[in-house]
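Me: I would like to go through some helix packing in this structure. Could we take the helix pairs in turn?

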Amino acid sequence: MSTNDNPACGRADLVRDYAFDELVPADRHSMEKHMASCVDCATELDRLRLTTAALRVLPDVEVPRRIAFVSDKVLEPTQSWWAAFWNSGARLGFAAACVLSAGLIFASTHRQPEVRTIVQTASTSQAQIDAAVTRAVSEAVEKTHADDARLTQAALDAVDAKYDTKQRELLVALQQSYAFMQKQSQMTAKAAYAQ
Amino acid sequence: MIFRAVEDADLIARTRKGDIEGFNLLVSRWEKRVFNYLLRLTGDPDDSMDLSQDVFLKAYQNIRKLDDAGRFGPWLFRIAHNEAYSAFRKKRPETAPEENFFERQTAPGIAIDLSLAVRGALDRLSPEQREAVVLKVYEGFKFEEMAEILECPVSTIKSRLYTALDLLKTELAPANARGGR
């Protein structure tokens, strides 16, 4: 690692640590005393400072465009599963489910007799419900049939009425034609008699 | 430095509470250093800008994993180091930029040949040596912080840095003399 230019006293690394301010105060003070008397180390320190000064001629460059963040759910920092859950919309759903569950448990433990009555009532009325449903269906079917029959009859009546009207109109037309022809033949007979 | 660390810690605490402006302040405080670090590793401003964006995005997303808010700097540069090396692995060697960005960068009032000599000397270092020089000379990190960033022992860091400095000292001696004239 060392080159021929490095101090013969073997403290090259200490000189570098000193140059980069990496020594604890006691070692730093010790090196300062050493370099005051060691020409090699003092020269090495000068060369090192010259090299770093040369490196720093390359300036820092300004950032071409600013980096900025906007509030975006996708970019948000990661968080614990509990924090993520607690800050999410699922919290309300979970709370509602908890309240509902608590209510059901309370009801099942404190209102058992009433529930049993309700269940019994529900089981005995099932036949009545079935009968009522059957009756309602029959009534609905009958009503539908009646409505259909009524509508059909009305349609037939309308057709008959229309037919009668047409017949009457035809009869009147025939009578008018017959009268016209009769009148025309009488006029023809009168003309012939006159000649 | 202590005052600065306290301020960073405060901004980190604000960010953890969901205050994005706190993180934007952190970004504005660190973006130039991160960008220049990446620029000195990659030599490409566009790549460095994209990488900087990724670095701060990852930092924001993982800020709750930072155990010690006072170590934000090394932690951020650790992310930057990983992003840079991940990009190096993805990039094929033959797609290296034809013109190095630093060849166009010179400090005002400094002889151009010294700037070019510095850039050329840095380019001739191994990537590990160059990164050690960048972190120490340009970014001013302590050896312990560099070990944290690069995830290797302090002895390795010192070996890389001092070997690099020996090479740079030899390479830059003539140019230094010309630049000083």
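**Helix packing in chain B**

Reply: In this predicted model, helix 4 (residues 72-90) of chain B packs against helix 7 (residues 143-150) of chain B at an angle of about 40 degrees, and their axes are 8 Å apart.

Me: Which class of orientation does that give helix 4 of chain B relative to helix 7 of chain B?

Reply: The angle makes helix 4 of chain B oblique to helix 7 of chain B.

Me: Is the crossing of helix 4 of chain B and helix 7 of chain B left-handed or right-handed?

Reply: Helix 4 of chain B crosses helix 7 of chain B in a right-handed manner.

Me: Which residues make the contact?

Reply: Helix 4 of chain B contributes B:Pro74, B:Phe77, B:Arg78 and B:His81, while helix 7 of chain B contributes B:Glu145, B:Glu148, B:Ile149 and B:Leu150.

Me: Now helices 2 and 3 of chain B: at what angle do their axes cross?

Reply: Helix 2 (residues 20-42) of chain B and helix 3 (residues 45-61) of chain B cross at roughly 140 degrees, and their axes come within 8 Å. The two helices are therefore oblique to each other, and their crossing is right-handed.

Me: Which residues are involved there?

Reply: From helix 2 of chain B they include B:Phe23, B:Trp30, B:Glu31 and B:Leu38, and from helix 3 of chain B they include B:Pro45, B:Met49, B:Phe56 and B:Tyr60.

Notes
Residues numbered from 1 in each chain as written. Chains lettered and ligands numbered in written order. Predicted model: local features only at pLDDT ≥ 70, side-chain atom pairs only at ≥ 80, totals over all residues. Heavy atoms only, no water. Axes fitted to C-alpha atoms, helices over the stretch in contact; angles between N-to-C directions. Helix = DSSP H or I, 4+ residues; strand = E, 2+ residues; numbered from the N terminus. Parallel < 35°, antiparallel > 145°, perpendicular 65-115°, else oblique. Left-handed = near helix turned anticlockwise from the far one by under 90°. Contact = heavy atoms within 4.5 Å.
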